[in-house]
Amino acid sequence: MANKITVRNLNLFYGDTQALREVDLDIEQQQISALIGPSGCGKSTFLRVLNRMNDLIEGVRVDGQVLLDDEDVHGPEVDVVHLRKRVGMVFQRPNPFPMSVYDNVAYGPRIHGLKNKRRLDEIVENSLRDAALWEEVHDRLFRSALGLSGGQQQRLCIARLLAVEPEVLLMDEPSSALDPISTLKIEELLQELKKNYTIVIVTHNMQQAARVSDVTAFFLNGEIVESGKTDTLFTRPKDKRTEDYITGRFG
Amino acid sequence: MDSRRVIDGLSTVLLWAAGFFIMGLLVFFLAYILGQGLPVLSLEFILSPSKEFEAGGGVGPQLFNTFYILFLSLLFSVPVGVGAGVYLAEYARPSRLTNLIRLSTECLATVPSIVIGLFGLIILVNIMGLGFTILGGAAALALLNLPVLVRVTEESLRAVPQTYREASLALGATRWQTVRRAVLPPALLGLVTGLTLVSGRAIGEAAVLIYTAGVSVSRHFPDLNPFVAGETLSVHLWYVRAEGLRPDADEIAAGTAALLILVVLAFNLLIGVPARIYQRRLLGKH
């Protein structure tokens, strides 16, 4: 299958500390790639390289190559606003805007210039359906999103993202703040979404990585120790450290 | 007996006492001022022009000037103050320059109003030769309120969770779109609170205006010309008490004071209540 994102020799520094070392990774089209590893190993930092959210942090320096299709995301001609439309992100804690459900989903299309009311209605409904939330919110579209449960809020954030029609979905521990049932719903949703999107998910939960992903990369101290097909990595890890981590000996 | 409990009980009592003391003081002030002033208030008093040497004058022009000067001063200070606040909160990277800007605003905030009044007298009234004018008063008042506006704006924007900005930027919004659509709406209540604060101060301010807008009013009423002198209610209150020759100065002062309180109250409700309703709607409480 074709690579959607190709990372080569990626190094990242926060001031003088190096957070990522010589990272190489291939992220395939319409697959779910899971990034696992202990806290502070650099997996979230890596995720934020892919849509350049690290740009917001003072003193971050990146070298190496990150290709989206065939274009370097750090290239001088890349418009970061456009990049983030193509590579969207769902955060650890659900972060809907303090607006109505409708306005949350319509936020993206509106900032990208869509005004047509009927078209917006369509996008809102389709996005909510794709995020498996429509049935629960169709009768409260114009009430504040902050009244939804945590799990619903997270699916709303996914719907909000789908509304801008991204190509890649980055998910930073999307269910770590949710209860088991909401987590299950998100995981089922991911299986639906991978038909149309390339998904990269950071997770602390190894069962989750094993359940949902096609490919897994194990991060440790800013390096990728091992990456490959999820089945293989979890059943026959090549590296001793991977084995120790997935069997719960540390982390 | 546990000494922690004694201290806990004692501090509870003391905090209650402090709270009640402040409340009591406030109630006393209000009762006193309104008690003296309300009997004087009548439609005629509120609307008719004042008289210099005889009894029976009103405060119509002063009331009008109060709002006119307030309006003009906000017209000058809000765009600049809010703009600078947004810049400091959202755009400025930490640097010497931004620290300098912040320091300057804080210095400006501590300048006594009488100094700003005299500054206005020298620059606007004398050097620029405007004389005592409504425009000059509004400009000096804007200067007085500018630092407060900058600060309140910066603080209310900083109180907006970073996650809103991240969410917006991650959807491909530009910085301005993020500020305008994701940050300003939740910060609105804080901004409005700041606005009522500076407006209340502007309505009550006398020292700045005595030396810039003067202590007399136009012969015409209402007069929209910003180049005529424009005494406000607060200045009138001071003037009547300090050098007024009217036989009914006591009543006029009492009535003016009561009217001032009512005006500030009405103004706060007028812009505070809609902002609160808007905020509740954002947060999904009905």
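Tutor: Start with A:Leu193. Setting aside neighbours within four places in sequence, A:Leu193 is in contact with A:Asp130, A:Ile158, A:Leu162, A:Leu169 and A:Ile199. Keep in mind that this is a predicted model.

A:Leu193 also belongs to the largest nonpolar core, which has 60 residues. A:Leu193 is among the residues with the most contacts inside that core, along with A:Phe97, A:Val101, A:Leu128, A:Leu156, A:Ile158 and A:Leu169. Helix α3(A) supplies the largest share of this core, 6 residues.

Now follow that helix. α3 of chain A covers residues 101–111, and α4 of chain A covers residues 117–130. Their axes come within 9 Å and cross at roughly 110°. Angles of 65 to 115 degrees count as roughly perpendicular, so α3(A) is roughly perpendicular to α4(A). The crossing is right-handed.

Which residues meet there? From α3(A) come A:Val101, A:Tyr102, A:Val105, A:Ala106, A:Pro109 and A:Arg110. From α4(A) come A:Lys117, A:Leu120, A:Asp121, A:Ile123, A:Val124, A:Ser127 and A:Leu128. By class, the contact has 9 nonpolar, 1 polar and 3 charged residues.

Technical notes
Residues are numbered from 1 along each chain as its sequence is written. Chains are lettered from A and ligands numbered from 1 in the order in which they are written. This is a predicted model: local features need pLDDT of at least 70, side-chain atom pairs count only at pLDDT 80 or more; totals for chains, interfaces and linings use all residues. Side-chain values use heavy atoms; hydrogens and water are left out. Axes are lines fitted to C-alpha atoms, for helices over the stretch in contact, and angles run from 0 to 180 degrees between N-to-C directions. Helices (H or I, at least four residues) and strands (E, at least two) are DSSP runs, numbered from the N terminus. Angles under 35 degrees count as roughly parallel, over 145 as roughly antiparallel, 65 to 115 as roughly perpendicular and the rest as oblique. A crossing is left-handed if the near helix is turned anticlockwise from the far one by less than a right angle, and right-handed if clockwise. Contact means heavy atoms within 4.5 Å. Ala, Val, Leu, Ile, Met, Phe, Trp, Tyr, Cys and Pro count as nonpolar, Asp, Glu, Lys and Arg as charged, and the others, Gly among them, as polar. A nonpolar core is a set of buried Ala, Val, Leu, Ile, Met, Phe, Trp, Tyr and Cys residues joined through side-chain atoms within 4.5 Å. Buried means under 20% relative accessible area, exposed over 50%, partly exposed in between (1.4 Å probe, protein chains only).
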